[in-house]
Amino acid sequence: MFAVALTLAAVGQQLLLIVGLGGLLPGWQPWPFLLGAAPAWWLARARWRQADPPRPLIRATRALRRIPGPAYLVTVLALTAGIWAVLQEHEPHLGHEEAVYANKARSWADGTPDAGWGPYRPLGLPALGRLALAVHDDVGSLRAVALLLTLLTLTTTYLVAAHWTTPRRAVVVVLLLLSGLGFLRRVPEFLNDIGTTGLLLIVVFLLTRAQEVRRSYALPVAAAVAVAAFYLRYGSAGNLLATALAALFAYGPRAWLAQGRRLAAALAVLALGLLPHFVHATQVTGSPLGLILWAGSQANRTYVGDGLVYYLAIFPYRLAGDLGAVVMTGGMLLAVRALRGGDGGTRAARRVFLGSTSVLVLVVLGLVTDGEPRFVYLPVILLTVLGVEALAELTGRRNRGLLAAVAGLAGLTTIGTAHVVAHGAMPGPDRLSRSTVPVAERLATNDPCLLVTGYEPEMGWYSGCDAVTYAQYRRMTPPPGTHVTLVLFEHGRLQPDDTALARLIAGRDTTVRTIPTDGALGTATVITLAPV
């Protein structure tokens with residue numbers, strides 16, 4: 001009864017979210033009832049294994065099995081597109097990271113300054129953004145790129161999971177992935193993490209295929225996909241390193257050396273694909289690895305390993321929600337059982353590979369960068385695939401009914417999580433945008449202009465000006481004829497005090513005005529310096 005009560009409570013709070021009563025929950029965050037329900041169901045397994053499933057459930061399961069798996073996938077993709085469209089209304093403006101890539105894409109399109117851009121950032125996403133801006137020059141076009149990348153990643157997840165399991169179990173995997181707050185929060189945004197995850201999953205799949213299919217040329221193809229993932233996001237280097245280490249651990253060095261020419265071809269593809277990056281990095285930093293190390297140095301960490309501490313603290317609940325967390329835990333246990341079994345079978349080796357890849361990605365990224373859920377979508381997918389397999393094996397002949405129930409709860413949770421994103425996660429960034437956007441639009445001009453602010457990428461996008469931080473402005477000399485404007489918000493960040501501000505002005509004539517806003521940053525004080 002305790003397991004039933006907790007499960008019903010989990011369903012009930014999702015219904016509260018869906019009908020708009022999520023404000024009754026602290027911060028629109030559902031309680032993790034399923035984390036208690038799962039062990040309770042496990043302890044009661046002797047009872048529910050003997051009980052006959054309800055006839056309505058049997059009939060419903062039979063009816064659902066008549067629908068082909070691809071039809072379910074199309075439904076999930078349509079649901080994703082609908083959620084993406086609805087969430088655009090709750091966060092209509094580009095955020096900090098989005099604006100960085102958007103500015104670079106627009107700079108290629110019309111020469112507008114690429115405010116906030118750094119050479120350590122990859123060029124893949126701006127290239128896609130440039131194509132989108134050629135179709136229509138607005139935020140919606142860039143966000144549409146995010147939707148396409150999400151749909152491609154979900155489709156990839158389905159196809160890979162269907163190959164490793166069954167098409168219907170693959171649908172459950174996709175729904176569970178979509179239902180997690182860590183994943184769904186980033187679906188509406190113009191970022192590269194979700195798209196990169198799809199490519200990394202293809203790499204993992206091709207590595208398993210290279211070991212499971214005789215004389216397969218999957219290995220060179222995996223190298224080519226790995227190169228694409230790298231150019232879309234330099235941070236994927238950590239994922240690729242962890243995947244390579246896991247492949248050596250799960251299959252052994254001899255298995256890879258036996259690939260012979262195919263291994264050599266893969267290494268050649270990898271080297272040729274990365275050669276342009278290494279040449280460019282050497283020109284910019286003096287070292288082939290300079291840009292990768294520079295990108296890693298941008299992590300907002302207080303000490304080495306704080307990212308790992310973060311992942312340990314949020315694993316797996318904050319990554320995938322309580323339903324996803326239960327399934328991921330089952331996946332981890334299945335991988336451990338495969339490792340301890342030591343039967344050497346193909347399926348066992350694959351499970352060890354997927355489980356060890358998940359662990360090593362968390363460890364490697366946790367040591368080299370700060371922690372964010374969007375960096376570790378690959379382990380979420382891999383452990384979810386294993387977890388769905390674990391549930392199916394645990395329940396035996398009842399697995400169809402259980403997986404149908406999990407899929408139904410995942411679909412319900414997806415809609416509930418969309419409400420959490422809209423009403424719990426997005427209001428904060430939107431309140432900030434209601435300060436930065438109107439000020440930036442008021443400062444737009446056709447003349448060369450430079451804004452000095454703590455919010456340089458987003459203000460650069462909405463003003464069309466170049467924009468730098470106060471720290472960067474102290475180290476630079478603006479080009480002659482540039483209109484320089486210092487922007488200070490009532491509640492802004494990274495702003496100078498009165499003494500430092502006086503040094504920046506350096507006795508030049510100024511024009512000072514205030515711009516009221518209804519956003520979180522309050523009133524803006526705008527100081528325009530007289531031309532030199």
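Predicted model: local features only at pLDDT ≥ 70, side-chain atom pairs only at ≥ 80, totals over all residues.
The packing of two helices was examined next. Helix α2 (residues 34-43) packs with helix α18 (residues 317-341) at an angle of about 35°, and the axes of the two helices are 8 Å apart. The crossing of α18 by α2 is left-handed. On the α2 side, the contact is made by Leu34, Leu35 and Ala38, which meet Tyr317, Asp322, Leu323, Ala325 and Val326 in α18. Classed by residue type, this contact contains seven nonpolar residues, one charged residue and no polar residues.

Arg351 is located in helix α19 (residues 346-368). Arg351 counts as buried because its relative accessible area, 8%, falls under the 20% cut-off. When neighbours within four places in sequence are left aside, the contacts of Arg351 include Glu389 and Glu393 as well as Arg337. Leu334, Ala335, Ala338 and Leu386 are also in contact with Arg351.

Aromatic rings were considered in turn. A pair of aromatic rings is described by the distance of the centres and the angle of the planes. Ten aromatic pairs are found in a search of the whole structure. One of them, formed by Tyr455 and Phe489, is edge-to-face, with 5.8 Å from centre to centre and 85° between the planes. This pair links distant parts of the chain, 34 residues apart: Tyr455 lies in the loop between β1 (449-452) and α23 (456-463), whereas Phe489 lies in strand β3 (residues 483-489). Tyr455 is buried, at 3% relative accessibility, and Phe489 is likewise buried, with a relative accessible area of 4%. Elsewhere, Phe230, Tyr231 and Tyr234 are linked into a cluster by ring pairs.

Backbone geometry was also examined. Most residues other than glycine have a negative phi, and most peptide bonds are trans. A cis peptide bond, with omega of about -10°, joins Phe315 and Pro316. Pro316 is placed in the loop between α17 (306-314) and α18. Arg215, a residue other than glycine, has a positive phi near 55°. This arginine, Arg215, occupies the loop between α11 (193-212) and α12 (218-232). Arg215 counts as exposed because its relative accessibility of 67% is over the 50% cut-off. Leu494, which is not a glycine, also has a positive phi, of about 50°. The loop that holds Leu494 runs between β3 and α25 (498-505), and Leu494 is exposed at 60% relative accessibility.

A further loop position is that of Ala444, between α22 (427-442) and β1. Ala444 is partly exposed, with a relative accessible area of 43%. The C-alpha atom of Ala444 is separated by 48 Å from that of Val359, a residue 85 places away along the chain.

Technical notes: Residues numbered from 1 in each chain as written. Heavy atoms only, no water. Axes fitted to C-alpha atoms, helices over the stretch in contact; angles between N-to-C directions. Helix = DSSP H or I, 4+ residues; strand = E, 2+ residues; numbered from the N terminus. Left-handed = near helix turned anticlockwise from the far one by under 90°. Contact = heavy atoms within 4.5 Å. Nonpolar A, V, L, I, M, F, W, Y, C, P; charged D, E, K, R; others polar. Phe/Tyr/Trp six-rings, centres within 6.5 Å; stacked < 30°, edge-to-face > 60°. Buried < 20%, exposed > 50% of the residue type's maximum accessible area, 1.4 Å probe, protein only.
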